[in-house]
Amino acid sequence: LVHCAGTAKKLRNVFSLTELLRLQRYKYVRRLLLAKFGILFPSALFMAMFAQFCVAEFHFTPERTGRLLSYVPFVRMVGQGLLVNPLVRHFPEAFVIRMSCFVVAFSMVLVGNATTELDLYLTLLPLNLGGAIAIVVISGLLTRAVPKADTGGVLGLDHAVLSFANIIAPLVSSHLYDRYGFVFLGYVGAVIAGITWLGTCALSIGDSTPCLTQLRWRVESSLRWAMKPAPGTDGNK
């Protein structure tokens, strides 16, 4: 009975809404989770109707559709396995996330306007590389944003964001595709990724200073330098 009571208590802690809200109070956790959703949702929105689009617009056979759908996780695997480590070694993690958001936003417009099979392969490359790299980097920042005892809980939240995006995306995507067409999905995804990029630029994520704050510092420094009297002149003239 004691063992059962202890197990029940642990389960209540796992599925406790209070516990989930507590984890989000740690610095940067909520921002990182929102950034992850903003990167994941455009791709999920696109992929939910991708097979239908390939058949309807390009008249793909099942074999060609399957080959293209296998290409997407292959690109993600390459990005996560080979590119993440060199990027975070040479650039700040927050910078990598921001650039990934920008790449995803730009790629969504290109994919939505693809007209040939080659266009699809070429435009899906940056779209999935950007998303895959950002996902790994954000997960790493999340684990460092909380104490070790809460690492499992925050990783659960991290994966829950992925599941939530995959639940909502097909419902939204099917409605938009039916009413406005596939191109509109690309524009909607680009807007969402663009908003995410602006949010990561305006707010600090990880240990970085917001881009807008850095820009303001540089502008103020340049103005002070421009207004500084030249050597050998009287600044009061």
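Helices (H or I, at least four residues) and strands (E, at least two) are DSSP runs, numbered from the N terminus. With that in hand, welcome to this chain, a predicted model in which local features need pLDDT of at least 70 and side-chain atom pairs count only at pLDDT 80 or more, while totals for chains, interfaces and linings use all residues. Residues are numbered from 1 along each chain as its sequence is written, and side-chain values use heavy atoms, leaving out hydrogens and water.

**The fold**

The chain has ten helices and zero strands. Of its 237 residues, 38% are buried, where buried means under 20% relative accessible area, exposed over 50%, and partly exposed in between (1.4 Å probe, protein chains only). Among contacts (heavy atoms within 4.5 Å) with a separation of 6 or more, 80% join residues 24 or more positions apart.

**Helix α7 and Gly130**

Gly130 sits in α7. The expected span of a helix is 1.5 Å times one less than its number of residues; for the 29 residues of α7 this gives 42 Å, in agreement with the 42 Å between its end C-alpha atoms. There is still a bend of about 25° at Leu124, with Pro126 following within four residues; the bend is the angle between axes fitted to the seven residues ending there and the seven starting there.

Gly130 counts as buried because its relative accessibility is 7%. Leaving aside residues up to four places away in sequence, Gly130 touches Ser100 and Val104.

Over in α4 (residues 50–58) we find Gln52, which is partly exposed at 45% relative accessible area. Here are two C-alpha pairs, one for each of these residues:

| Pair | Apart in sequence | C-alpha to C-alpha |
|---|---|---|
| Gly130 and Ala105 | 25 residues | 9.5 Å |
| Gln52 and Thr65 | 13 residues | 9.4 Å |

**The largest pocket**

A pocket is an open set of points on a 1 Å grid over the protein atoms alone, where a 1.4 Å probe fits, with protein on both sides within 12 Å along at least five of seven lines; lining residues have an atom within 4 Å of a point. The largest one has a volume of about 220 Å³. Of its 14 lining residues, Leu40, Ser43, Arg76, Ile135 and Leu162 are the closest to the centre. Helices α3 (29–48), α5 (62–90), α7 (117–145) and α8 (151–180) each supply at least two residues of the lining. By class, this lining has eight nonpolar, five polar and one charged residues.

Conventions
Points joined across faces, edges and corners; volume = space filled by probe spheres on them. Nonpolar A, V, L, I, M, F, W, Y, C, P; charged D, E, K, R; others polar.
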